[in-house]
Amino acid sequence: MQRRSRDPLVRDLVAALDPERVQVDDVARRLYSRDASVLRGGRAGVICFPVTTAEVSACVVAAVAHGRDFVARGAGTGLAGGAVPCDEPVMIVLTRMDRILEVDESRRLAWVEPGVVNLDLSRHLGGTGLHFAPDPSSQQSCTIGGNVANNSGGPHCLLYGVTSAHVLAVEVVLPDGEVVVLGNEEGDSVGYDLRGAFVGGEGTLGIATRICVRLTEDPPEVATLLLDFMSVGAAAETVSAIIAAGMIPAALEMMDQQVVEAVEPFVNAGYPTDAAAVLIVELDGQPAGVADEIRRIRELASTHGARSVRVAADEGERERIWKGRKSAFGAIAVIKPDYYLNDTVIPRTKLAEVVERIYEIVEEQDLIVMNVFHAGDGNLHPLLLFDAREEGVMERVLAAGEEIVRVSVAAGGVLSGEHGIGLEKKRFMSLQFSPADLEAQSRLRAAFDPDGRANPAKVLPSGASCGHVTSLGRLPEGTWV
Amino acid sequence: MGMTVGDGRMEAFRSEVGDSGAVCVRGGATRWGVGGGSAGAREVSAPVGIMALEPAEMTVMVGAGTTLTELAGELAVHGLEVGMDGPQGSTVGGALAVGRSALRRRRVGQIADVLLQADCVGADGVAFTAGGPTVKNVTGYDLCRLLVGSLGTLALVGRVILRTRPVPVCSVWLAGEVEPDLVLEATYRPASVLWDGARTSVLLEGHGADVDQMVETLGRLGLAAAEPPVLAPGRGRWSGLLPDDGVLEVGAGVVHQPDDSGPPIVSEGVLNLAARMRASFDPSGRLNPGRDPYSRAA
């Protein structure tokens, strides 16, 4: 039993929830001061674990009444520091709101609480012929509330779209504690698409407490292809050729030689370790359409210099091909203990040029890079590997990261394809956006949160500064990209 | 933020909008009355023309004043389309402002997912860009989705980058007196399913052999090839009860009917948030002052 707190904020929170679900001890405050990113900010003030919408609202009201900020948090798998606290805010942890409330198979939708783990929803739907399409690589851990906050992606978003395309409605506790439902179960928005504006708001617009997601039909036919190339350029040209030929694969992923060499001993997927790059192409749909696309991709691959095209013969082979892709990062831990994962998007037609430039940047900084990424939509994920015990290495890592961002934007790209801005990239926002562009974004934010209490100091470059890289974490078990 | 073809026309558009006085953009005016009228506001027009078509990027940059027909014609040359539709004469900007998803939405997706980047003029007369040019982008706030369906009350859109998609190889309408649920069970991702209370019409798209297979299956249920249905001009929101002369777009929440029904009821909290949004973007209320996105039927 905790002692009655002297802090009036804590007393209000305890009254609103119950003592076990309000934590102020040092262990909890340290634990909830970090997410999966390399960033450090301030420290969590009070940590709350609400279980109902009314409790979330009470937490928000109490925080604001005591002049404190609040930060919502799911599983903390974010890689941009979006859930890192600044200035001792009230942390509102939503992992205990983890119920799947309703599944309507005929209307292909489900209402879930924000703490439901992404993969748990698709597992729950097993046998219905339906699934939740967004599949970030962290899907075994990340929550759907976090997916909404980050507008998360994943390999299969190439065909099916990112999270926003799969969120029909969302119940939100606004930063003044009011509860509203944005969007609707069916059809276009009534009035402004405030649902669309909210998704991807990185916790700065309010807190999602119930989410209505669209469920996607399982495709009757799936084919997984493995293509291998003697140069990254040839692989990249094949990616462009597939898209230009009018095909949208369900997923189109690239792994470079460094990744393949690291992964193959672990998964025995049969990746050719002497290839400069491999592509995983997944096609889904109806049998004739899939068969036709396999034929066309074989042709394109051979004219673009693929050494071989392997079509997975059965489910086991398909799983092994994907296992290598999805578990790439566990294998990397044996090479170097520390990592920094970036996330930018470039025009597909610039893939070869930018990836080559990334190799140069990394060499200039004397680091190791591995590239495993969503090539089909130009979404790069260069992973820098290093040993943080080396003196001065952090500066080189950050310099390389910054140069990768600059090169991506200069190539006509954007700062982030799925990790978001958080603390990590807000200083780069002015590379992509003019002051007037940023002003328009701040108008959106101000309408939701006029007093700037919801996860402040994130996303937009103006305002209070917070966040710095002090040290980098060790590669945790089952790390994702 | 580099210069692109059409920058001169964007600057002319910005200058025409200016920084004072009530103003609205006139496109094809095919749905001019949706959400109210122009209320005597000065009319301007957005740039016209296709500025950059990149098949390998699946994107097209186009002036918002371009008609959907012109855009479709140009894209068809490359076997591409955008997931938007509208009455004959509709413009890209008009269709985005109205924000109604295409009849084929079950296949092509929601209109909100089509807009990647919008070059706009704000109420203060300053040009700004929302979104970004790539097909995937979560950089900053999603102004593009907010703009779609906003009837030009937050900013005026001059030029856009849209996501393109391949035109289906094969496409066929079928109809018959069958429950829509049975049709959905027997097909994979039909592009559209319509129900008039007795008859179900379905649009199948895809590879020829796959479509043939579904046609055969649906034939056994009693559906046969049919002309594309002609839909009444009015709209209502699906309430679970189909009006006598209405046709339901199954799964889309829309009823096509002779006249518009009244606007759906929206909670006070949402209306307050919407009012804050409008005031935040347009404090003096000069952009499309006669229009209210919440006064429309669907």
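Colleague: Why are H1(A) and H3(A) called roughly antiparallel to each other?

Modeller: In this predicted model, the axes of helix H1 (residues 8–16) of chain A and helix H3 (residues 53–65) of chain A cross at roughly 165°. Angles over 145 degrees count as roughly antiparallel, so H1(A) and H3(A) are roughly antiparallel to each other. The two axes come within 10 Å, and the crossing is right-handed.

Colleague: What makes the contact of H1(A) with H3(A)?

Modeller: H1(A) brings Leu9(A), Asp12(A), Leu13(A) and Ala16(A), while H3(A) brings Glu55(A), Ala58(A), Cys59(A), Ala62(A) and Ala63(A). By class this contact has 7 nonpolar, no polar and 2 charged residues. Asp and Glu count as charged, so Asp12(A) and Glu55(A) belong to that class.

Colleague: How do you know how H13(A) runs relative to H14(A)?

Modeller: The axes of helix H13 (residues 351–364) and helix H14 (residues 393–410), both of chain A, come within 10 Å and cross at roughly 160°. With over 145 degrees as the cut-off, that makes H13(A) roughly antiparallel to H14(A). Their crossing is right-handed. The residues in contact are Val354(A), Arg357(A), Ile358(A) and Ile361(A) of H13(A), with Ala400(A), Glu403(A), Ile404(A) and Val407(A) of H14(A). These divide into 6 nonpolar, no polar and 2 charged.

Colleague: Which residues of H16(A) and H8(B) meet, and how many of them are polar?

Modeller: From H16(A) there are Ala440(A), Arg443(A), Leu444(A), Ala446(A), Ala447(A) and Phe448(A), and from H8(B) there are Leu273(B), Arg276(B), Met277(B), Ser280(B) and Phe281(B). They divide into 8 nonpolar, 1 polar and 2 charged. Arg counts as charged, so Arg443(A) and Arg276(B) fall in the charged class.

Colleague: How many cavities does the model have, and what is the volume of the largest?

Modeller: The count comes to 6 cavities of 30 Å³ or more, and the largest cavity has a volume of about 650 Å³. A cavity is a set of points where a 1.4 Å probe fits but cannot get out. Of the 46 residues that line the largest cavity, Gly78(A), Gly146(A), Asn147(A), Ala149(A) and Asn150(A) are the closest to its centre.

Colleague: Which elements give residues to that lining, and which gives the most?

Modeller: Strand S3 (70–73), helix H5 (144–150) and strand S10 (207–214) of chain A each give two or more residues to the lining. H5(A) gives the most, with 6 residues.

Colleague: What classes of residue line the largest cavity?

Modeller: The lining has 17 nonpolar, 25 polar and 4 charged residues.

Key. Residues are numbered from 1 along each chain as its sequence is written. Chains are lettered from A and ligands numbered from 1 in the order in which they are written. This is a predicted model: local features need pLDDT of at least 70, side-chain atom pairs count only at pLDDT 80 or more; totals for chains, interfaces and linings use all residues. Side-chain values use heavy atoms; hydrogens and water are left out. Contact means heavy atoms within 4.5 Å. Helices (H or I, at least four residues) and strands (E, at least two) are DSSP runs, numbered from the N terminus. On a 1 Å grid over the protein atoms alone, a cavity is a set of points where a 1.4 Å probe fits but cannot get out, and a pocket is an open set with protein on both sides within 12 Å along at least five of seven lines; lining residues have an atom within 4 Å of a point. Grid points are joined across faces, edges and corners, and a volume is the space filled by probe spheres set on the points. Axes are lines fitted to C-alpha atoms, for helices over the stretch in contact, and angles run from 0 to 180 degrees between N-to-C directions. Angles under 35 degrees count as roughly parallel, over 145 as roughly antiparallel, 65 to 115 as roughly perpendicular and the rest as oblique. A crossing is left-handed if the near helix is turned anticlockwise from the far one by less than a right angle, and right-handed if clockwise.
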